[in-house]
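Trainee: I would like to learn how to read the features of a two-chain model. Please take me through this one.

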Amino acid sequence: MTSWKRIGLKDFEFPKIVKYNKKYLSFEEGAKKEVSLNMVTDITSLPSPKIEDNFTGVGTEFILNVKKNYNAGIDLHIPKDLKIKEPIRLDFYLDEKNNHLVDFNNIYAKENSEITIVIDYKSIDNVEGFHNGFTNIFAEKGSVVNIIKLQRLNSKTLNFDSNFSRVESEAKVNFVSIELGSKLTGFNYTSILEEEKSYSNLSSIYLGDKEMKLDLEYTMIHKGIRSQSNIETRGALLDNARKVFRGNLDFKRGSRSSKGVELENVLLLSPTSKSDSIPALLCEEDNVEGEHAVSAGQIDKSKLFYIMSRGLSEKEAKKLIVESSFKPIIDKIPFEDLRSEINIDIERRLIHG
Amino acid sequence: MKNKKTYIKDINRTIYDIKDKDNSIYKSQKGLTPEIIKEISSKKNEPKWMLDFRLKSLNIYNSKPMPEWAVDLSDLDMDDITTYIKPNTKQSHSWEDVPEEIKDTFERLGLPEAERKSLAGVGAQYDSEVVYHNIRKELVDQGIIYMDMDKALHEHEEIVKEYFMKLITPDDHKFAALHGAVWSGGSFVYVPKGVDVDIPLQSYFRLNAPGAGQFEHTLIIVEKGAKLHFIEGCSAPQYKVNNLHAGCVELFIKEDATLRYSTIENWSRNMYNLNTKRAIVEKNGTIEWVSGSFGSKVSMLYPMSILAGEGARSEFTGITFASKGQHLDTGTKVVHAAPRTTSTVNSKSISKNGGYAFYRGLLKVTKGAYDCKSTVSCESLMLDNDSKSDTLPIIVLNNDNIDIGHEAKIGRISDEAIFYLMSRGIDEQEAKAMIVRGFVEPITKELPLEYAIELNNLINIELEGTIG
C-alpha cells in the first residue's frame, strides 16, 4: 500500500468486525414498493450489476474486507423510467456497541430513472470506531444518480471509503463528498464514463483540523465519446491537519471530443498544516480537452482586511470566507437538519477549535 | 462531423545520423567490474581519492535496483554498454588540429560556426573524451576557468574535490552511482566573484561508438554576484544497439549570482538518456533552466532547483517533443527551502506519431520557507491519435504562508484555428506549423539566436508532411 506513505498509515491491521445492529434506513414506505430496496445480505448473489473486478478503491485489501465482513448496507434497484423525487437516506451512527461499520451499498439505476441518496456517517464522542465502505453505482442509459456522502465521524475513528460508478450513455452521476471528521480518512471515488455523453461529476469539501489526516483520490476514466467529467474540491486545513489530494483525469483512446476539468482549492490556515496535491492528466486521445488547476495559500489578506474593517474579528472573518467557499456544496444536501448541523459544526471548529 | 487531420512525417535526422568509423585507441571492456574502473582511473592518471570514490560508487550501483517507477528500462542491458572510449586524438586548442573525421561531424552539426558567431568558449566532447576546447583570452584574463573535467581534476583539484558530486551523490539513484563510477569528460566552469560573462559558454557532446555510454560531468560554480550563460548540446548517430547517456550536471549558484543553463538535446532514437541535473541557489541567486528534449528513445530528465538561500529564484522553461518510438519522461523539481523564494515553471510538450510525452514534476515547500511564491504551468499538445501525453505534478506544501498556483492543459490544435488561418490564404500545413511555432514560442525566445533557428527548423522538418 504505497499510497499510504503520505499520510503515514503504518502497519495497519483490520479489527475483528462486530455486528452493526442499528436501524439506518429511512424512506417513505409507499415509495418503497416501487423500487427494490433490500438490506444487503450476500454480495456474491447480487443479480446485477456486476461488481467491477479491477476496482481497487482505497486498496485491494479494503475491498476484500468489505466483501468478507460487511455488516450493513443496501441493495437498491430503480426500475426503468421511474423518477423518484424523495431522497433515500441512510444514517449510520456508531456507538459503543456498534463501533464497527462495514457497509456495502449497491445502487442500480435502470434506463431513464432518477434517484437521490444521502448517506450520513457519524459517531458518538469517545468511541474508537472503524468504518470501511464500498459503494457501487451503475447508471444505465439516461439515468440520473445523485449521491451525497457526509462523513463526520469522531477523531478516534478510522474511515475508509471506496466508491465506484459506471456511467452509461447520457446518464449522469453526481457525487458529493463532504469530509469533516475522522482521525484518518482514505477516500476513493472512481468513475468510468463508459459511453457517448456519459456525465460524471464530483464535488467535495473537506475541513481538516487537530491531527486529522485525509487522503482523497478521485479518478475519472473517459471511454465514451463526448463524455464529460468534472472534479471540484475545496478544502481548509487548520492545526496539524494533513491532506493528500489525488485527482486523475484519464482519457482512453476513443474518448473523442470529451472534456474533463479538475480543480482544487485549498486554504491553509495554519503554519503546521500539510498539503499535498497530485493532479494527474493521462491522455491517449488527441481530440479531448483536459484541464487541471490547483491553488493553495492563505486567505487573501485584502479580503480579510475588508471584512474585518466591517467589525468582524479575524476568526469570524476567516469563518465567513471558508463558509462561503463551502456553501454551494453544502446546499446540495436535501435535508435541512443535516445542513444546519454541518454549519454549526464548521462554525464551532473555526471559531472555538 | 468527420475530423480532418494532418499527418506529419518523421523528423529528418540525416546530419545527426552520419556515423564515423570507430577509430578509438582505447575502449574499456563491456560491462562493469572494479578492474575496469581501476583501468579507467589509471588511464586518466587520477588522484587516489577519485579512484576510491569511483569504487565506492560502483558498490552503490551494484546494490541498487533498476528504477521501475517511470519508463521501461528492460531493454537496457548494462553489460552491453561500453563505459569508456578514448578517441584517437589529443585534446586540441585550435580547430585545425582536430582530426578531420571528428571535425567533419562537428562541422555538420554547426559547432565551429557557433564559435565563429562569437560564443565565449566552446568545448566539444566526442565519445568519452573532450576533443576540443577553446576559451577566449579576455575571459581567461578575468579569471574564468573553463576546461574539461579531467583536466580540472588535475589543475584545480582542491575546487573539484570540494564540489564534485556533493550535490548529486552516488546514493541518489542507480544511475547517479553509475555516473560516479565511470564518469569521464564534461565541462568545468568557475566564474569568480562579480564577473559578468556576457556571451554564452558552450559545450557539445557527441557519442559516436555503438553500444557506448557517455557519462560526462558538468560542474559549474558561479561565485557571488557573477553571471553566466551556459549552453549544452547533445547528439549521437543512430545504431541498432542501445546507447546510454547518464551524465551529471551540478550547478552551484552563490549569493546574488545568476546562471542560465540551456540545453538542446537531440540524441539519436536508440539512446537512453538518464541524466541528472541539479542546482543549489544561495541568497538572492537565480537559476534559469531552458531545456529542449527532442531526441533519445527513452528519457528521464528532471532538472532540480534547490532554493536554499533567502530570496533565491528559479525559472524553468522546457519543451519536450516525443515522436515515434520515443518515451520522454521529463519535468522539473523545485524545492523551496528558504523564505521569500520564488519559482516559475513553464513546460510544454508535443507528442506525435505514437510518441509518449510525460510531464512529471515536484514542487515542495519546506516548513520554514514562508512567503514563497510559485507558478507552475504545463501544456500538452497531441498532434495525432496514436500518441500519448500524461501530466503528473506533485505539490507538497508544509507551510501556510505561501502562494501556489498550478495549472495544466491538454488538447489538440483546434479545427477553428486552422480554418481561420486557411481562410486568410495560408495552406493547412503552414497553418499547423504556425500554431505549433506559436505554442513553443515562449521557449524559442529564451534561446540564443542560432538555437532558436535550429529549433524552428526542427519543427518545420517535423511538420512537413502530407495532409490526409
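**The contact between the chains**

Mentor: The contact takes 34 residues from chain B and 34 residues from chain A, where contact means heavy atoms within 4.5 Å. This is a predicted model, in which local features need pLDDT of at least 70 and side-chain atom pairs count only at pLDDT 80 or more, while totals for chains, interfaces and linings use all residues. Residues are numbered from 1 along each chain as its sequence is written, chains are lettered from A and ligands numbered from 1 in the order in which they are written, and side-chain values use heavy atoms, with hydrogens and water left out.

Trainee: How much area do chain B and chain A bury between them?

Mentor: The size of an interface is often given as the accessible area lost when the parts come together. Buried area here is the accessible area (1.4 Å probe) that two parts lose on being put together, summed over both. For chain B and chain A the value is about 2,700 Å², with 49% of it on carbon and sulfur atoms. On the chain B side, B:Asn385, B:Asp400 and B:Ile410 lose the most area to chain A, together 22% of what that side buries.

Trainee: How many salt bridges are counted between chain B and chain A?

Mentor: A salt bridge is a side-chain nitrogen of Lys or Arg within 4 Å of a carboxyl oxygen of Asp or Glu. Between chain B and chain A the count is one. The side chains of A:Glu284 and B:Lys388 meet in a salt bridge, at 3.6 Å from N to O.

Trainee: Which elements of chain B give two or more residues to the side that touches chain A?

Mentor: Helices (H or I, at least four residues) and strands (E, at least two) are DSSP runs, numbered from the N terminus. The elements in question are strand S24 (388-397) and strand S25 (402-411) of chain B. By class, that side of chain B has 12 nonpolar, 11 polar and 11 charged residues. Ala, Val, Leu, Ile, Met, Phe, Trp, Tyr, Cys and Pro count as nonpolar, Asp, Glu, Lys and Arg as charged, and the others, Gly among them, as polar.

Trainee: In which sense do strand S17 of chain A and S24(B) pair?

Mentor: Two strands pair if DSSP finds at least two bridges between them. Strand S17 (residues 274-283) of chain A pairs with S24(B) in the antiparallel sense, over six bridges. Within this pairing, A:Ser275 stands opposite B:Leu397 in S24(B).

**Salt bridges and burial**

Trainee: Is A:Arg89 buried or exposed?

Mentor: Buried means under 20% relative accessible area, exposed over 50%, and partly exposed in between (1.4 Å probe, protein chains only). A:Arg89 counts as buried at 13% relative accessibility, and A:Asp337 counts as partly exposed at 33%. In chain B, the side chains of B:Glu46 and B:Arg54 meet in a salt bridge at 2.6 Å, N to O, and both B:Glu46 and B:Arg54 are buried.

Trainee: Which residues are linked in a network of salt bridges?

Mentor: A:Asp120, A:Lys122, A:Arg152 and A:Glu341 are linked in such a network.
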